[in-house]
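Here is a short report on charged pairs and open space in one protein model. Look over the structure first, then read on.

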Amino acid sequence: MTSTEIQNSGEEPCFRLEHLPGKSPHLAGKASPQVNSRWDAPQVTANGVHDIEDRILRITGYYGYKPGYSSHRREDGTESHAETPVSETSGDGTAYQTCVNTVLKVLGGLLVVLCVSSCWVGITQVVQLTFKSFSCPFFITWFSTNWNILFFPLYYSGHVATTREKQTPIQKFRECSRLFGEDGMSLKVFLKRTAPFSILWTLTNYLYLLALRKLTATDVSALYCCHKAFVFLLSWIVLKDRFMGVRIVAAIMAITGIVMMAYADGFHGDSFMGVALAVGSASTSALYKVLFKMFLGSANLGEAAHFFSTMGFFNLIFISCVPLILYFTRVEHWGSLSSLPWGYLCGVAGLWLVFNILVNVGVVLTYPILISIGTLLSVPGNAAIDVLKHEVIFSVVRLAATCII
């Protein structure tokens with residue numbers, strides 16, 4: 001760089017005195033054509049731009065920061081400007097690819113919405129069919145929860161089929177167990193972390209099935225959708241989430257719909273009890289989700305599969321005594337094992353497992369709001385089946401309550 005270029009660039013020239021004038025082709029005190037390398041120390045311009053940028057990068061803790069970083073980037077930028085046409089072309093290609101990925105993500109999300117809604121409608125309708133010959137809601141809940149054990153093996157099979165880096169089941173299980181902490185899974189952690197969520201999970205499903213014995217599938221599915229409003233209220237109170245007036249209005253409308261649903265047949269009889277059971281199921285579901293976020297945070301697909309399988313093992317080991325107690329006390333009594341409607345039981349359990357898989361996979365692959373829409377669409381789905389197959393006649397109050405919720 002010549003002296004003129006240095007002056008035009010706004011930088012101060014660097015002078016170097018030679019110790020041996022006889023061997024130097026330059027005169028002492030003249031401006032040297034060589035300037036100190038910018039990689040040795042940051043240069044400060046007349047307006048101090050480089051120094052300010054370096055200080056900002058240092059204060060904000062930029063990863064990989066080193067003195068003079070901003071000036072290095074500026075020098076490197078002079079070379080990259082020459083490739084502007086190529087970068088614009090690649091930018092257009094990137095924008096096109098992003099648009100295609102977004103469209104595919106939305107289409108995949110709509111497919112997941114349809115599957116989630118169909119599974120929830122299927123669970124509700126098959127349970128009501130099962131109650132005609134086998135009215136044991138806790139046994140159905142216990143039997144269906146045991147199928148959650150299959151979640152992690154199915155996830156591992158998909159992992160092996162879709163990735164090149166193969167891991168043994170034990171290695172993958174230990175990697176996914178980090179959801180419970182850096183130390184992984186232990187007996188203490190297993191009991192401390194799994195027991196509360198397993199109990200809430202069982203209670204949610206049990207109350208939901210009890211409500212189906214009192215109300216129609218449409219009413220129960222509509223009341224269960226209130227758990228979103230309860231999640232917001234609990235998150236606002238417990239997790240100190242941001243206050244949102246629109247969600248408060250939505251929660252008030254949901255509670256209004258609940259009251260109207262209970263008022264439809266008067267505040268007495270099976271109708272009122274069914275509403276209370278459905279609202280209790282929605283409340284325990286909301287508590288389950290808020291506590292999960294509080295203690296375990298967010299989980300990826302592998303960690304969710306690990307967690308569901310762990311809950312299945314806990315249900316099989318520790319909750320198996322409850323159906324036996326209900327059997328011997330004749331609260332839920334059934335005949336021989338061969339007389340049980342295994343087709344309906346396996347159908348409910350399989351649909352519940354597919355529903356849990358779709359919810360967790362859908363959150364990873366698509367948008368979480370679509371999963372909520374899938375659960376919501378189960379209400380018109382159940383309503384269509386109730387009207388066409390069971391010839392249910394809905395009162396004006398019930399229809400208004402369902403729409404408000």
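## Pockets and salt bridges

The lining of the second largest pocket divides into 11 nonpolar residues, three polar and one charged. Nonpolar covers Ala, Val, Leu, Ile, Met, Phe, Trp, Tyr, Cys and Pro; charged covers Asp, Glu, Lys and Arg; the others, Gly among them, are polar. The model is predicted: local features need pLDDT of at least 70, side-chain atom pairs count only at pLDDT 80 or more, and totals for chains, interfaces and linings use all residues. Residues are numbered from 1 along each chain as its sequence is written, and side-chain values use heavy atoms, without hydrogens and water.

A pocket is an open set of points on a 1 Å grid over the protein atoms alone, where a 1.4 Å probe fits, with protein on both sides within 12 Å along at least five of seven lines; lining residues have an atom within 4 Å of a point. A volume is the space filled by probe spheres set on the points.

| Pocket | Volume |
|---|---|
| Largest pocket | About 1,600 Å³ |
| Second largest pocket | About 330 Å³ |

In the second largest pocket, C225, K228, S372, L376 and I405 are the closest to the centre of the 15 lining residues. Helix α16 gives the largest share of this lining, five residues. Helices are DSSP runs (H or I, at least four residues), numbered from the N terminus.

There are two salt bridges (a side-chain nitrogen of Lys or Arg within 4 Å of a carboxyl oxygen of Asp or Glu). One joins R398 and D219, with the closest N and O atoms 2.6 Å apart. R398 lies in α18 and D219 in α9, so the pair ties together parts 179 residues apart in sequence.

Conventions. Helices (H or I, at least four residues) and strands (E, at least two) are DSSP runs, numbered from the N terminus.
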